Amino acid sequence: MPTLSRLPAATTTYVVCDACEYTGAIPTEIGELTQVTIVNLAANDFTSSLPSEVGQLTEMRDLFSFWDNSLSSLPTELGKLTKLSAGLDFGLNSVASTVPTQLGMLKQMAENFNLGGEEWVVHGEIVNRLRSPLNGRLPTELGNLQKITYSLQVRLTDLSGPIPTEVGKLTKLTYKFMLDQNSLSGAIPTELGRLERIQLLDFSNNTLCDEIPSQVASIMINSPFAQGIHIAEGNRIGTACDNSKTQHPTAAPSVANPLTPGPTMAVTWWIWVVGTLVGLVVAAGCIAHAWRRKHRAAAALELLDRAQRQTEAPLLSSSSDSSTSGSSTSSDFRQGGGGSSLEMAVWSSDPSSTLASANNPSSSLSPSPSSLSGPTASPPPSTSVSGSGSASTSSSSGRGGGGGGGGGEEVYASWE
């Protein structure tokens, strides 16, 4: 296995040895590879610090990666690699220093910038997580990486302090911006709302406070590019920041996080609840009113039907009584137009008693049981009485069969 100190400096244009089991310190001779354009020594076990001689690799363009090693510090000379455009990857190391502000000089960086730790997720579950002891604050100079388009990750570290407002300059960033699982604090800068084409934005599990600015909320809700926006989880969104020094002076009016209940969302929720309850009460009142109307209509129809039956009952009873065979008395009342006239037909076997009843209107017109003949009695001759006590009698043929009962008379009596 060749060592880095034995590589021909004049002809070497790239150094790629991923997972080659290199160990120990990186030799300072690496600075002699002045023609190299790519260095990928990821997944080895280099220890100690990255030598400052790397600042001599000024022709570096494509990639500079020491991902997954055990480096303890990063030199400020990294800022001299101004032609580096593809990516800078120092994730998964043991760097216990601050982020060099000189990294902001890598203005040609166009694809990938990665510092900090990593975690592996399988079927939605985290199977491994490795943190980085990187500390200090996130430098404002990162806002100079305005050509970066793919990914910027500084996660799983001990970084603290506010998110610099300069991150709003990274408007070409389209894939992911990851600052999760650090110790960042303060309010979310409104300038972050300029990242309108970002797909994955993760600031979760910090100590961020205050409300999510309306500009950022608009991305969360309306952006057709956003696939995963994680800000509220593990933060203190909706709670006022304790230290006013962490507030950004350019902060614009904000709205409550649409994903986390805040004061505005609480008021909106209560309005929705009250409106829903009022709607239910109104609907119940309408249903009850319709039921009462239907019930009243049914009761009215039942009363009309009952009254009709009560009206028809006496008529049916009178008709039945008048048609009964063998009845001894028949009465017919008629009301005339030219005056009052009462006519009665009384059957009697005794004409004298019949006439007496006719001549005395106040007397009962019902014959006595003794005057009624048995089933063999025949109607008497008809006698008509009109006026005051006048009567006429007409003969009638005998009715009924059987043994010899005498013929009766039919008497008509009337009073004007």
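Phenylalanine 177 and phenylalanine 203 are both buried, where buried denotes a relative accessible area under 20%, exposed over 50% and partly exposed the range in between, computed with a 1.4 Å probe on protein chains only. The model is a predicted one, in which local features require pLDDT of at least 70 and side-chain atom pairs are counted only at pLDDT 80 or more, whereas totals for chains, interfaces and linings use all residues. Residues are numbered from 1 along each chain as its sequence is written, and side-chain values rest on heavy atoms, with hydrogens and water left out.

When residues up to four places away in sequence are not counted, phenylalanine 113 touches Leu88, Leu103, Leu142, Leu145, Ile148, Ser151, Leu152, Gln153 and Val154, contact being defined by heavy atoms within 4.5 Å.

Seven aromatic pairs are found in a search of the whole structure; rings of Phe, Tyr and Trp (its six-membered ring) pair if their centres lie within 6.5 Å, and planes under 30 degrees apart count as stacked, over 60 as edge-to-face and the rest as tilted. The pair of tyrosine 150 and tyrosine 175 is stacked, because the ring centres are 4.8 Å apart and the planes stand at 25°. This pair links distant parts of the chain, 25 residues apart, with tyrosine 150 in the loop between strand 9 (125–130) and strand 10, and tyrosine 175 in the loop between strand 11 (160–161) and strand 12 (176–178). Tyrosine 150 is partly exposed, with a relative accessible area of 43%, and tyrosine 175 is partly exposed at 24%. The rings of phenylalanine 177 and phenylalanine 203, with centres 5.4 Å apart and planes at 85°, form an edge-to-face pair. Because phenylalanine 177 lies in strand 12 and phenylalanine 203 in the loop between strand 14 (200–202) and strand 15 (207–210), the pair ties together parts that are 26 residues apart in sequence. One aromatic cluster is formed by Tyr22, Phe46, Phe64, Phe66 and Phe90.

Note on methods: Helix = DSSP H or I, 4+ residues; strand = E, 2+ residues; numbered from the N terminus.
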